[in-house]
Every structure is written in C-alpha cells, then in structure tokens.
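These are my notes from going through the model, entry by entry.

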Amino acid sequence: MKMGFVGLGNVGGKLAGSLLRNGFDLTVIDLNADLVAEFVDKGAKSAESPAALMCACDAVITCLPSPAACAAVVEEMLPEVDGTKTWMEMSTTEVSEVKRLAALVAERGGSAIECPVSGGCHRADTGNISIFAGCDRATFERMLPTLTTLGRRVLHTGEIGSASTLKVMTNYLATANLLTCCEALVTMKAVGIDLNTTYEAMKISSGTSFVHETESQVILNGSRDISFTMDLVKKDIGLFQKLAEDAGVPLEISPLMVDIFNDGIAKYGERELSPNIIRRLEDMTGLDITAPGFPSELTDDEPEEQGYEVVPSGLTKPVMAG
C-alpha cells in the first residue's frame, strides 16, 4: 500500500517515521520544506500538493493542528478521491467537521477513518502509542495492518465521529490530571516536603496517573517540554466543553479548566509549553518547582512492538451511543 502523510509536526513527524522505519512506501507533504527534506533523505518521496499526494497514494493520513487546516487539505484532495482511496484523519478535531469531511470522501466513493492517537509524542516516536479508530468495520479491518504499525493498542470505537469524541474526552482527563499534579507539587513544596519524595509518593499511590509519571518529570526538571502547547490544550478542552454543552451536561470542573488556560495564555502566550501552566502558581507563591534527577524530555523505554486490536470486554462490535 502506498501511503501519503500530510503534517510532519511534533506528532505527525513521529507517526510518519514509524511508517518509514517499517518499510512502507511513503510520500510526505508539509508547509516546512526542511521537514520534508529530512524525510526524503531517509527514503520517502514528496508531493507538490495535497491533490498530487492523493493521486499518487492508496491512503493519505492527515495530522494537522486545527480542524480548519485539515478541511483545507481534504477539500483540495477530493477531486483525486475514488473507490480505491482512503483518507485517515489522525488529528484531534471537532466531531461534526470530521463527519462532514468523511461524508465528502464517501460521496466520491472513497473510505474514511478517523484515528486520533493518545499517549504522548515519546510513544508516537516508537510506534507504541494508542489509537482510536472510528469507521465501518470493513475499513477498520482493511487498514488494521497500517494502524498496528503506527501504534500498539488500536481500539475500534464505532462509526465516524466516535473516535474524535473519545479522544477529546481523554485529552480533557489528561488536562485535569496535569492541573491537579501542578497544585499537588506546589502545595507540597509550600509545606516543606521534598519534591523528589513527593514525586515518588504520588507515583506509588492511588493518586498516580499517566500524566504524573510523564509530565511531572519534565515539570520538576524545569524544561516543561512535552512538545505540546497551551493553545492546543485550550482547543482540546474547549471541544470537550462544547460536547457537554451540546448534550446538556452542566459541567463544573471543565469551565474552570478553560478559565485557567485562558489565564495562562494571557500571561505566557499561546505557544507556551502546556506543563508551564504551573508557572501561574509558581509566580503567585514565589516557589520554584524543580528538583534534581529528572529528565529534560520524555523517552519511551519500551521496545517497539507490533500493535494489536483492543476489544472492549462484553462487546463484540463497539458502537457509539445514538
């Protein structure tokens, strides 16, 4: 299968790298010519436009920073879509928009699959990230060998729209984890508890989380670098808040989280690294939340493994609630 990839940024570049590393015939495109050149040097091909990319490939993956960017690319590719083509959306995007674009692809006879990822850039780099896949079952089974190269755990979530819905939910939970970790670390520092001891206490307790075991490390190092920025967090938690509002769910924590990140962006800029939301508390207390012995960036120490489908217990065919 000839694969195309649009968007070689922090996540996309690592996902595309997994395809190339595992021998896929890969053609790439990005607004940053230097990123494209790096992939070409490693054996990939390049295309002049999204339309040319779709024409040359069997399946094209988009991994872009906003629904608007994705829509522009997909709409440019549409004239080249036919019954032999598949569009794979790996961004975190708005549910109604991915449904709209998938319908346009289907009108031309093509297949669409939304497959957002979760687990951090360090796991995208090793092919060990998790993937949610929303599409019909036939498309899922046909694309599963590609998905299990891109990630380790692949969950078929139901029809188009279900994966984006679940991805927005998981990003909301990750952000809630980040904010509570920040408050815990600052409070422990304020009452005189050693931060290395605090980190370990959190890690071995019922209060641990994936976010603590990863992001707290780069917070304590001081780099705060997880290759994710405050504007992207605001987008994701805003999408979750909209889901709740549209469903008539009166959330209480979610609006506060949106306010906190709006304040962080106002103070430090929208492209500030997202774990630096802790700076709000550092600035208000005058405390420095760093400690020796923690890494400046995250790496995945698990070996790359062939992925597999995750099947929900009690279900034979996952479906999205109507």
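I began with the strands and found that β1 (residues 2-6) and β2 (residues 25-29) run parallel and are joined by five bridges; strands and helices here are DSSP runs, numbered from the N terminus, with at least two residues (E) for a strand and at least four (H or I) for a helix, and two strands pair if DSSP finds at least two bridges between them. I noted Leu 26 in β2 as the bridge partner of Met 3. Four of the five residues of β2 are buried, where buried means under 20% relative accessible area, exposed over 50% and partly exposed in between, with a 1.4 Å probe and protein chains only.

Before going on I wrote down that this is a predicted model, in which local features need pLDDT of at least 70 and side-chain atom pairs count only at pLDDT 80 or more, while totals for chains, interfaces and linings use all residues. Residues are numbered from 1 along each chain as its sequence is written, and side-chain values use heavy atoms, with hydrogens and water left out.

Next I looked up which residues of α12 are buried, and found Ser 254, Met 257, Val 258, Ile 260, Phe 261, Gly 264, Ile 265 and Tyr 268. They cover an arc of only 160 degrees around the axis, taken from the directions to the C-beta atoms, which puts them on the same side of α12. On the other side of α12, Leu 256 and Ala 266 are exposed. Among what covers the buried residues are α8 (162-190), α11 (230-247) and α13 (279-285), contact meaning heavy atoms within 4.5 Å.

I then searched the whole structure for aromatic pairs and found two; rings of Phe, Tyr and Trp (its six-membered ring) pair if their centres lie within 6.5 Å, and planes under 30 degrees apart count as stacked, over 60 as edge-to-face and the rest as tilted. The rings of Tyr 172 and Phe 240 have their centres 4.0 Å apart and their planes at 10 degrees, so this pair is stacked. Because Tyr 172 lies in helix α8 and Phe 240 in helix α11, the pair ties together parts that are 68 residues apart in sequence. Tyr 172 counts as buried at 11% relative accessibility, and Phe 240 is buried at 15%. For Tyr 199 and Phe 294 the centres are 5.1 Å apart and the planes at 70 degrees, so that pair is edge-to-face; both Tyr 199 and Phe 294 are buried.
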